[in-house]
Structure formats: C-alpha cells, structure tokens
Amino acid sequence: MQAYRVSGIAPFGSQKQKFSIDLVADSKEDAEHRCYSIMGSRHKATRRSINIESVSEIDPRTSTEARVLHAFRDEIAAAGGPIAQAEEE
C-alpha cells in the first residue's frame with residue numbers, strides 16, 4: 001500500500017471546484033477508483049463529471065488526512081513524526 005494525492009476538478013453543488021484528496025491505495029489506478037468512489041458518495045458526483053488531473057505518490061508524513069496517517073502510523077513514528085507543511089497565506 002502506498003499514499004497517493006489525487007487532484008482534479010469536480011462539481012460541488014452548482015459550481016465546479018478544484019479538489020485534492022490523499023488516499024491509501026495499491027496503485028495509481030486503484031487511487032483513481034477510490035477517488036471516484038469517495039467523491040460520488042460524498043457529493044453525488046458521477047464518474048463522468050469528475051475530471052482527475054493528476055495522481056502522484058506522496059510521502060505519507062506530508063499528509064493531513066486521518067486515514068493516511070492511520071495507515072502509516074508505525075512508519076511515521078519510526079521516522080520521527082509528521083513533516084509539517086508550509087502554511088499558505
């Protein structure tokens with residue numbers, strides 16, 4: 001299992017907005033599938049309406065998603081804890 005960051009554009013209500021979600025998956029294709037599943041479940045968006053722009057493998061210590069931190073908690077603790085992201089202004 002690896003940590004992936006999926007980003008793209010999806011309809012949220014009457015507007016289309018950019019999104020970025022961190023996932024735990026076996027491969028890039030699995031990460032795409034999980035993203036479609038989560039976005040459809042949360043926002044009732046169909047697979048056709050979700051435009052995935054990029055899928056990239058990430059270091060799990062850079063994520064703030066609870067499911068990623070939980071999946072890699074032993075590795076993160078062994079590496080010295082999470083890496084703090086620079087705050088956006």
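**A buried serine and the core**

Tutor: Ser63 sits in the loop between β3 and α2 (66-71). Helices (H or I, at least four residues) and strands (E, at least two) are DSSP runs, numbered from the N terminus. This is a predicted model: local features need pLDDT of at least 70, side-chain atom pairs count only at pLDDT 80 or more, and totals for chains, interfaces and linings use all residues. Residues are numbered from 1 along each chain as its sequence is written, and side-chain values use heavy atoms, leaving out hydrogens and water.

Ser63 counts as buried because its relative accessibility is 5%. Buried means under 20% relative accessible area, exposed over 50%, partly exposed in between (1.4 Å probe, protein chains only). The Ser63 side chain makes a polar contact with the side chain of Asp22, at 2.8 Å. A polar atom of that Ser63 side chain also lies 3.1 Å from the backbone nitrogen of Glu65. A polar contact is a pair of N or O atoms within 3.5 Å; within protein, one must be able to donate a hydrogen and the other to accept it, and residues adjacent in sequence count only if both atoms are side-chain atoms.

Now the packing. The largest nonpolar core has 16 residues. Such a core is a set of buried Ala, Val, Leu, Ile, Met, Phe, Trp, Tyr and Cys residues joined through side-chain atoms within 4.5 Å. Val6, Phe19, Ile21, Cys35, Ile50 and Ile52 touch the most other members. α1 gives the most to this core, with five residues.
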